[in-house]
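Thanks for coming. I have one structure to show today, and I will keep it short.

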Amino acid sequence: FSFLLHCSCLVLDLPHFNTLTIVLSERMTSIDLFNLLDIDRSGDVSSVEITDGFSKIGFVYDSKKVNSFILKFDADSNGVLSADEFTALNDAINSARVTCAVEELFSEMDSDGDGVLSLTELQMVWARLSEGKPDEKQVQSFLDLVDENQDGVVSKDEFVTNAVVRIAMAINTSK
């Protein structure tokens, strides 16, 4: 949640995907973080609790921006965030952060910078990930799954929309 007010795009090390694993698993700590920030144990967190809590661990946020986040996610309009509202905020931020990380991954994979991933670029990435010759059927299968308009390449939008699920599945099955 240290990324409350900004999307810190992560540069992923393609052979390891550890950063993406961390991004995907951060969601599980939402309630723990909520409980740490709820200093007065009221069952809600205020903008002061959020701002003060994060400043104590070195993250300084503009209180106006914190207030704007609270307004956006304060479903019952009581001026504070309940655990459920805080979790919704955390989920939205995690989603934005994953998207940001996947966009960075796309940029790394797009070796010629043309804004799309070709079969050749995907094969190069697969070769680095598998430390050898890529399984061409797997690469083609991935391309077919992610290439929504079936133009033979993967656009950034197609990659961001579809690849997160595929990458998460690949990470989970490799554990």
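Predicted model: local features only at pLDDT ≥ 70, side-chain atom pairs only at ≥ 80, totals over all residues.

Residues are numbered from 1 along each chain as its sequence is written, and side-chain values use heavy atoms, with hydrogens and water left out.

The fold has eight helices and four strands; these are DSSP runs, H or I of at least four residues for helices and E of at least two for strands, numbered from the N terminus. In sequence order the pattern is α-α-β-α-α-β-α-β-α-α-β-α.

There are 175 residues, and 39% of them count as buried, meaning under 20% relative accessible area with a 1.4 Å probe, protein chains only. The protein exposes about 9800 Å², with 54% of that from carbon and sulfur atoms; the areas come from the Shrake-Rupley method with a 1.4 Å probe.

Now the second largest pocket, with about 150 Å³ of space. A pocket here is an open set of points on a 1 Å grid over the protein atoms alone, where a 1.4 Å probe fits, with protein on both sides within 12 Å along at least five of seven lines; lining residues have an atom within 4 Å of a point. The volume is the space filled by probe spheres set on the points. Ten residues line this pocket, and Leu36, Leu37, Ile39, Gly53 and Phe54 are the closest to its centre.

Which helix gives the most to the lining? That is α3, with five residues.

Technical notes: Buried < 20%, exposed > 50% of the residue type's maximum accessible area, 1.4 Å probe, protein only.
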